[in-house]
Amino acid sequence: GSLSFPLFCQLLIASPSASSCVCRLLAMKVLKDIEGVEDQLVYEIMYFSPIEVGDERYINQLYFQTDIYSRTWPQTMVDRMNAQLEQLKHCELGILSFDDNFKRKHREAVLFHCKMALAYLDSRQARIAMKLCEVVLPATRSSEPRIQTDPEADFDFLRVVSLSVMACAARRVKFYQKAVDALAEAKTICLSGGEQTRAHPLMTSLTLLNLSAVLGDIDHDEHGLRWGLEALAMMYNLFSTMELDKTVQAYYFVLACHNAALLNVKLGRWADAAELVDEGIEFTKVLEEAHCHDDGLRRKLIAIGAQAKQVPEGFLVEAVNAANGWGEERGVWNLSFWDFSIGEIREEIRVLEQTMTLKQIIIEHADDDRRYAPETEDWELNRFIMAVVQCQSLELITISGIDFDPRKVWRRIKKRGFLETSWYASALNFANILEDARKPEVGQYQQLLKNLNHFSKKLVITLVILGNETGGVDLSENGINLTSVSAIVNTLRFPERPERTLHVKEVVLRGNDLDLSSAKELARTWDPIPGTPWPVEDLLLGDDDDFAGHEDQLAMRKDNSPGVTSLDVSHNQKIGDQGFEALVNGVSKFSKFRILKADSIGLTPAGCLQMEALAMTRLFCLCLSNNAILSEGTQAVCKAMVRCHRLKTLQLDNCGIDLAGATALSELVRGHMSLQEISLAHNKLRDQGTIAFCTGASDSPCLQSVNLCYNEIFSDTAAEAVGDMMRNCETLVELILSGNHLHATAPPQIGSAIEHSHILTMQLEDMGFTADSIDDFLDHGAAETQDLQVMVLNNNPVGDEGLTIIAECLSIGLTDLSISNCSLTHESQATLLNLVSLSPNLRSLDLSNNHLGPTGCSDMVDWMTQNDKESFSLRTLELSGCALGDDGFLQLVPVLGSLNYLGLRNNGITSGGLTEVMAASQMVKLQTLDLEGNDIGEPGVHALTERFQQEHKRSLWNPKQLTSMIDVVILKNNKIIPSLAASTEAFLKIHNPLMTVVW
């Protein structure tokens, strides 16, 4: 109690623990211990603000917490101040001299008294502090103008300080009006000088900030906000020129932003409040970097921001952490526990636009009970996904367990296994880069969304559309219904796109849950969008070769403009007639639409009556197979297609078409100037319908491909009509007649036309051909041609003799020959030799499901071994189901360096056979080796991996050395247990990452 204040200060400063406990013990807000503020006035202003400058304020607080002063009126100090006040009065009367010494002494006495009051306030003794300020106030004003205005005495500064401390004390005890009156007077003093203010700008801004806060306490929010914003503006102007520690500036800014944001929330000005909160949080980063305590201001800002942004406070805490890389899980933001309200989505967007640290977003959402209109939610989700795709730091987004690369959404990302997380990871990275590195023409997402709820489907759909870098998206077999279709449409129509992405041109929705409502919603995709180029009126402009003189329009046509040009809704039976009509009306609004596929959608003749609207588009392809449109519907289709001048492909398989429909199709192909491909498989044309169709097709100016398989064609006259079509239609290059069992005398009518036609491809599967009938078909060897390139005769029992006839007549021009399941035996080995040796262009040979046995291909293999690889063209050999066994497999070793593909499914090959083949010294250079359905076990797998491990090592030592390699080995349905497959897969990833094994 007898310890003097100066001695107490010296002892406290000398204490080694004093400065270390400042931030921990102070009740006021403490930012940083700043030594050596050069401007004494700035030091004094900061002393009476929430900034700790040096140790003085802390020491004062401790001194006045001693027993002699704690919760006791400091009468001695008050008496000293009253004595000082009496001396001031004597100066006013001229009794004492108002010299420099008195001015200095008076200023120090008043400031010390205010510091004492502040110490009591810091010690939570606000009433004593307020009364002490009332004692000192008379000493801050003089009735003599010469004394009041003396710049060295600085009475204005002393009075503003006293009023400010008194206002803080009054506010602490809820004497709000007293605080307002004090700060109003202080504000008047600070601003009374106009542009040349009587107070320091820092003092003025802090005074206005305090006044704003107190006015908010008494709900004068509008008035308080005015002075709060004025204080913030003054700080911006002041700190742009004033040299002050950055952390001090940041702390003042945080205080001002917090105050203004709180008042804006009270006034319901949510956007302004949110902006101020974000600004304040930005300033707290400066404090974070300097390891300064912000006294909970960041958390208070977050609480205010949560109200302003209408999001839960916990969510906003996570958002701030995610944006700045703070928190326990830095770089990962798990959004699974939040409900994706509009406010949350907007905050997520803001985070993604600002963050430089966020690496992964996780969304495991199970809530399908949405609270917002779909259009509003879809719009916000589109903006969210836009931010995801454009976020530079984001590497992964996980939706319901499915990982996506935001910059390559088309690539499937596999979950990392043990090896990927071990020291082997560097070797695995090479394999991961190779895998799925090639961008597909259309993004493949079939069945990917099948088990997701509607909201998760919506997220994935939005991601794959807005992040699209391919020609389109395939969303087949995903259970997509009206809810998901709305998301598709709203995303496709969204006006913004990331710069590196492409507009979706092709949409595939096969095998989903589309119905009438879904079709109507999907039709909205093509509703005109204001400002979009290429309105319906541009129909007069054709394809690229029609743009002579319109180069600027051609450039526009080839840009990345919006608009889906291809739609596939096949295998959605609930669409029906009305749904199809809605889709037709929808696509007809977009003149650049080109492809419509609607197989198996429940279409009937009535649904085909409104198809004439398709003439308003550039329809290129129309597929309506597996719909019971019958001849009546076919007639309507033909009537509409006459006006579609760019139509090139028409598919009407299994539509119940008979003679009447064939007649309409005949007229269509006769007069259409662009139709190149027509498919009428599995209909009921029969003989008369075939004759009617072929009559028109014979006169077609452009028809290239005709499919008439399984149409119950039998008679000679029908076959003759087909032959006439082959001869007369000079553009026809492909003919499919499979499944029509002609009468015995009918085949020559077609076969004899081969050499007089331009046919390149014929498919004659399952036509009941025998050796005799195939001889008749080829006109007993007279039907030789060098033009025919592809011949498919699968499932015809032609036998060894029939193969001999085929080889003699057609060998020269053939590039692909398929004679699967044609009753061939090992007796054909000489014929196969002749076929390969005399067919210089034969690239692919399919001999599957013929009982060739181990020696059936021996002559052919010997000849290929004796000749250089470049002297023959055979690169694909299919021998599945040929009873080769291990011996037959071993005989094929010499040609394993010449082929690209070798199919050996279901041949009874064992581990012993595979081991012998792998032990052979010949070169093996295959792209694919198919060993599915054999009897290969662990020894065979071991032999396979050991052989190519050694080859891989040699290639690493000497990259120029020729080594054996198989890109893909198929081992499905063998005697391989899952554990063996898994361990071998891990082994290959390390020792032979270029080989892929399909288990």
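Ala 582 is in contact with Ala 519, Lys 520 and Ala 523, leaving aside its neighbours within four places in sequence. The model is predicted. Its chain has 999 residues, and 56% of them count as buried.

- Ala 582 belongs to helix 24, which spans residues 576–587.
- The relative accessibility of Ala 582 is 17%, so this residue counts as buried. The cut-off for buried is under 20%.
- One of the contacts of Ala 582 is Ala 523. The two residues are 59 apart in sequence. In space, their C-alpha atoms are 6.2 Å apart.

**Aromatic pairs**

- A pair of aromatic rings is described by the distance of the centres and the angle of the planes.
- The structure contains 15 aromatic pairs.
- Phe 239 and Phe 253 form an edge-to-face pair, because their ring planes stand at 90°, and the cut-off for that class is over 60 degrees. Their ring centres are 5.3 Å apart.
- This pair links distant parts of the chain. Phe 239 is in helix 12 (residues 221–239), and Phe 253 is in helix 13 (residues 246–266). The two are 14 residues apart.
- Both Phe 239 and Phe 253 are buried.
- Trp 863 and Phe 872 have ring centres 5.8 Å apart. Their planes are at 55°, so this pair is tilted.
- Trp 863 is buried, and Phe 872 is buried too.

**An aromatic cluster**

- Five residues are joined by ring pairs into a cluster: Tyr 236, Phe 239, Tyr 252, Phe 253 and Phe 283.
- Phe 239 and Phe 253, the edge-to-face pair, are among the cluster members.

**Charges over rings**

- Arg 298 places its charged end over the ring of Trp 326. The distance to the ring centre is 3.8 Å.
- Lys 115 lies over the face of Tyr 47. Here the distance from the ring centre is 4.8 Å.

**The chain as a whole**

- The chain has 37 helices and 23 strands.
- Consider contacts between residues at least 6 apart in sequence: 80% of them join residues at least 24 apart.

Methods:
Residues numbered from 1 in each chain as written. Predicted model: local features only at pLDDT ≥ 70, side-chain atom pairs only at ≥ 80, totals over all residues. Heavy atoms only, no water. Phe/Tyr/Trp six-rings, centres within 6.5 Å; stacked < 30°, edge-to-face > 60°. Helix = DSSP H or I, 4+ residues; strand = E, 2+ residues; numbered from the N terminus. Buried < 20%, exposed > 50% of the residue type's maximum accessible area, 1.4 Å probe, protein only. Lys NZ or Arg CZ within 6 Å of the ring centre and 35° of its normal. Contact = heavy atoms within 4.5 Å.
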